[in-house]
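Have the viewer open as you read.

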Amino acid sequence: MSWKAIHRWLGLTIGTLAVVLGVTGAILAIDPVQQAWQAPAAPGDLAVAPLVERVTRTVPGAEEIRHLPSGAIVVFSFAGDQPQASYVDPVDGRVLGAWQASALPRWVKNLHRSLLLGDAGRWGAAGIALAMGLVCVSALVLLLRRMGGWQRLAARVRGSLAQRIHVVAGRVVLAVLFLTSLTALTMSASTLGLVALDTRTEPEVLSVVTGKPALPGAQLATLQSLAVQDLRKLNFPGATDPEDTWKVATAQGQGWIDRYSGQMLAWQDATFAQRAYDLAVVLHTGEAAWPWAVVLGLVGASVLLFWLSGVVIWWQARRQAPHITGNTPLAQADVLIFVASEGGSTWGFAQTLQDALSQCGHRVHTSALENFRTTAATRQVFVLAATYGEGQAPAHASHALEHIARLNASAVPVTVLGFGDRQFPAFCAFAEALDQTLRAQGWPTLLPVECIHQQSGQQFAQWGVALAQALGEPLVLAHVPRVPPTAKLTLMARQDYPGATGQATAILRFAWPAQGLGARLRGHGLARFAAGDLVGIVPPGSAVPRYYSLASGWEDGFLEICVRQMPGGLCSTHLLGLQTGDSITAFIRSNPGFALPRTRRPVLLIGAGTGVAPLAGFIRRNDRRTPMHLYFGGRDPARDFYFGPEIQRWLGEGRLATLQTVFSRVPDGGGYVQDALRRDAERVRSLVAQGAIVRVCGGRAMAQGVAETLDVVLAPLQLNVAKLKAKERYAEDVF
Amino acid sequence: MSKPLLTILATACALALPALAHSRPVTLTAQLKNYGGDGAYLAAYLTDAKGAYVRTLWVAGGKAKYHKHLSDWSRLSAGDAKRLDGVTGASVGAGRTLKVTADLADALIDAGYEIRIDAAAEDMRDSPSEVRVPLSKANAGKPQAGKQYIQSVTFQLQ
């Protein structure tokens with residue numbers, strides 16, 4: 001079983017019970033915190049002898065002094081027939097009030113340790129602790145795999161909201177949660193009798209009656225040299241039994257003292273098992289230090305958070321699980337499709353490919369990549385491979401590469417299609433590694449390896465055109481991704497530009513439909529968004545959404561995009577034809593790799609054409625006046641200086657620190673944006689040396705030109721774009 | 001004679017006697033107070049006129065880890081390897097009653113022997129020799145109060 005399977009199934013099953021233990025544990029953490037406020041801790045240098053003297057003075061009939069892990073002193077006594085337990089001020093022996101072991105109802109603790117089921121429940125609780133330990137270990141393995149190693153553990157987490165909650169919270173509390181499981185197991189081991197803490201019996205010792213009067217506790221040499229902070233418990237000798245002894249317990253062990261001579265009659269060192277157990281109790285309960293109890297309480301409560309987010313993650317993955325229809329058995333298939341998918345969306349593309357090939361008369365078999373093989377009937381093989389984290393294979397296909405490297409190549413062409421996200425430094429790295437391995441083994445290919453960015457249906461269709469040509473068949477890949485729930489957006493205002501080359505462009509502003517909390521929790525309506533996120537718009541007459549970068553966040557109260565007329569573009573035509581008051585259906589797709597983190601570092605924004613939109617959104621929300629520097633490239637200031645007036649205003653307000661504009665189609669316009677960067681090389685270097693974060697938005701050619709220019713500009717700093725990307729300081733939004 | 005040897009002899013007699021001489025069942029009933037804690041651990045045992053341990057009558061509470069909190073019993077009975085054989089049961093909840101029966105030789109009655117009960121509960125203080133009842137005909141059926149946990153304890157001779 002893989003770590004992922006262990007983590008998922010233990011979490012979903014036993015995790016449900018772990019929630020009970022976590023929440024009750026969080027409640028139990030109240031006790032140490034509350035007790036810390038009830039009584040002062042004993043001063044560090046106070047000896048036991050003076051404490052005994054004070055206590056005998058103020059508490060008649062004192063029988064036992066306990067030094068609690070919190071540092072407070074409790075004295076047990078009898079007032080007549082009534083047993084008493086009181087907090088005592090160690091400084092003057094004053095009685096401060098009654099002591100209670102816990103302010104909580106007992107069932108809370110019993111639910112926590114035995115699920116209210118007695119001994120069977122204790123075994124159950126220990127089993128849950130063991131399962132939680134395993135969940136923690138598997139979580140660490142998965143976390144390191146996801147983040148790409150120890151060095152990148154602190155890096156930004158990407159993924160859905162539930163994934164981010166799960167991973168970010170896990171990073172913080174994993175160690176404490178694991179410690180809690182280990183200490184729980186340590187405690188269970190002795191309670192369930194698996195480990196004996198101390199098999200010795202107490203020595204049979206008696207005070208030797210000599211006729212002399214008993215010594216007062218304050219005069220016992222042992223108690224004079226023993227500090228209260230080392231004391232656990234001191235039992236006074238019984239008033240009615242002349243042979244009884246003093247009994248003193250410390251972390252090191254326990255001793256018996258003659259009440260007449262003050263001699264230590266016997267001493268037993270604490271066993272290793274006992275010390276380990278004591279340490280486990282302190283770490284598990286937080287009773288020795290209330291701040292630790294607070295930490296434990298929060299960690300206990302976080303189990304609920306993990307479970308909830310874990311269930312959501314599992315549910316999301318399940319919804320995207322592969323359901324391939326019309327699969328031909330392997331032996332009869334002439335076309336094989338192998339899939340490596342992390343979230344499950346790649347299977348949807350495989351289904352589209354399978355359907356299209358089947359329509360052309362092929363018998364197609366689709367399977368997971370780890371099953372890679374060919375048969376006598378095989379004529380074509382396609383591998384659709386997503387990349388996970390730092391260029392790794394999706395978990396289910398983690399050994400596929402080695403498996404393929406061991407196979408002997410045949411004459412059947414194997415074509416690789418990668419899926420990934422350009423924002424990750426290792427975009428499609430796994431697909432490329434697969435392709436290299438296959439070529440090195442000598443497998444032919446029908447088409448060179450191609451990488452699909454962000455599950456783009458359009459790019460997939462283009463690959464389909466190339467495939468149809470290569471196969472010589474009328475194949476059409478019309479991939480219809482599952483569209484998330486959409487919301488209706490109404491156009492508030494539009495700002496029209498003639499566009500640089502006669503293609504009309506407009507900035508469209510839609511009203512943001514505010515959602516109630518209930519609707520948001522149920523996932524209804526439009527998700528919250530920030531500038532740089534994407535809005536998916538499904539034009540009438542199409543099932544495939546088009547994505548636009550957002551120039552505003554939900555806090556702005558509106559949703560703004562910049563749309564340029566694409567020749568024959570269904571969606572841009574639809575959007576540019578909208579009148580104020582018209583509405584569209586849309587959904588939000590977060591783009592966490594591009595969004596700006598909260599930062600005091602300088603921000604270098606580089607945009608061309610409509611690519612300035614998300615950058616304008618960043619500047620608009622720059623209430624903290626982070627130094628933002630914008631390089632804007634257009635063609636003609638009279639035609640395509642999008643957001644021009646706003647940008648000038650933001651410059652005046654200090655939201656934008658500096659502005660450099662270049663226009664390529666006017667005399668002395670300055671050329672392209674990369675020319676401006678090259679001219680400002682000194683300044684760009686200085687900004688990057690200060691730790692600047694870089695965001696680039698525009699067409700692919702522009703983004704490539706900018707990256708090449710910056711590689712040259714940054715070379716003296718021993719830096720380049722790849723290194724900045726790896727440090728998450730450089731992100732592109734490319735269209 | 002050394003003390004352990006005496007103890008063993010006494011134990012042997014007490015255990016062997018019933019087979020030879022007359023013995024009778026003794027029912028011990030302990031009613032617990034509502035002391036507001038988890039189930040109490042109790043150890044009822046017999047000591048002789050010199051206070052030496054004779055035999056264990058009953059131990060309520062099965063976790064050996066906590067038996068040291070029944071400190072007098074734990075210490076006194078340390079030499080008795082069979083002290084738990086057939087005389088253990090569950091801990092006794094606050095306000096509940098423990099009722100156990102033991103066969104005791106006639107010779108033990110009115111001979112200075114004592115029934116002692118040690119008591120302890122989690123997070124509360126240990127109460128060694130919570131109650132001590134001389135094993136005499138005169139005491140039979142007379143309730144005795146304990147120090148902390150036991151409301152009353154009574155033994156009946158049959």
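Before looking at any pairing, a quick word on terms: two strands count as paired here if DSSP finds at least two bridges between them. Keep in mind, too, that this is a predicted model.

With that in hand, go to chain B and find strand β1, residues 23–32. β1(B) pairs with β8(B) over 7 bridges, running in the antiparallel sense. In general, strands of a sheet pair through backbone hydrogen bonds, in either a parallel or an antiparallel way.

What does the rest of chain B look like? Its elements come to 2 helices and 8 strands, and along the sequence they follow the pattern α-β-β-β-α-β-β-β-β-β. Of the 158 residues in chain B, 37% are buried. Take the contacts in chain B between residues at least 6 apart in sequence: 70% of them join residues at least 24 apart.

Over in chain A, helix α10 (residues 345–359) deserves a stop. Its 15 residues should span 21 Å at 1.5 Å a residue, and the end C-alpha atoms of α10(A) are 22 Å apart, which agrees. Is this helix enclosed or exposed? Since 11 of the 15 residues of α10(A) are buried, it is largely enclosed by the rest of the structure. Among the buried ones are A:W347, A:F349, A:L353 and A:L357, along with A:G348 and A:Q351.

And what do those buried residues of α10(A) pack against? Their partners in chain A are the strands β9 (335–340), β10 (364–368), β11 (380–386) and β12 (414–420), plus the helix α13 (457–471). Just after α10(A), have a look at A:G361, where phi is positive at about 100°.

Last stop: the place where the two chains touch. Chain A puts 13 residues into the contact and chain B puts in 13 residues. On the chain A side, the residues touching chain B divide into 4 nonpolar, 5 polar and 4 charged.

Notes:
Residues are numbered from 1 along each chain as its sequence is written. Chains are lettered from A and ligands numbered from 1 in the order in which they are written. This is a predicted model: local features need pLDDT of at least 70, side-chain atom pairs count only at pLDDT 80 or more; totals for chains, interfaces and linings use all residues. Helices (H or I, at least four residues) and strands (E, at least two) are DSSP runs, numbered from the N terminus. Two residues are in contact if their C-beta atoms, placed from the backbone, lie within 7 Å. Ala, Val, Leu, Ile, Met, Phe, Trp, Tyr, Cys and Pro count as nonpolar, Asp, Glu, Lys and Arg as charged, and the others, Gly among them, as polar. The expected span of a helix is 1.5 Å times one less than its number of residues. A residue is buried if 20 or more other C-beta atoms lie within 10 Å of its own, exposed if 12 or fewer, and partly exposed in between; C-beta atoms are placed from the backbone.
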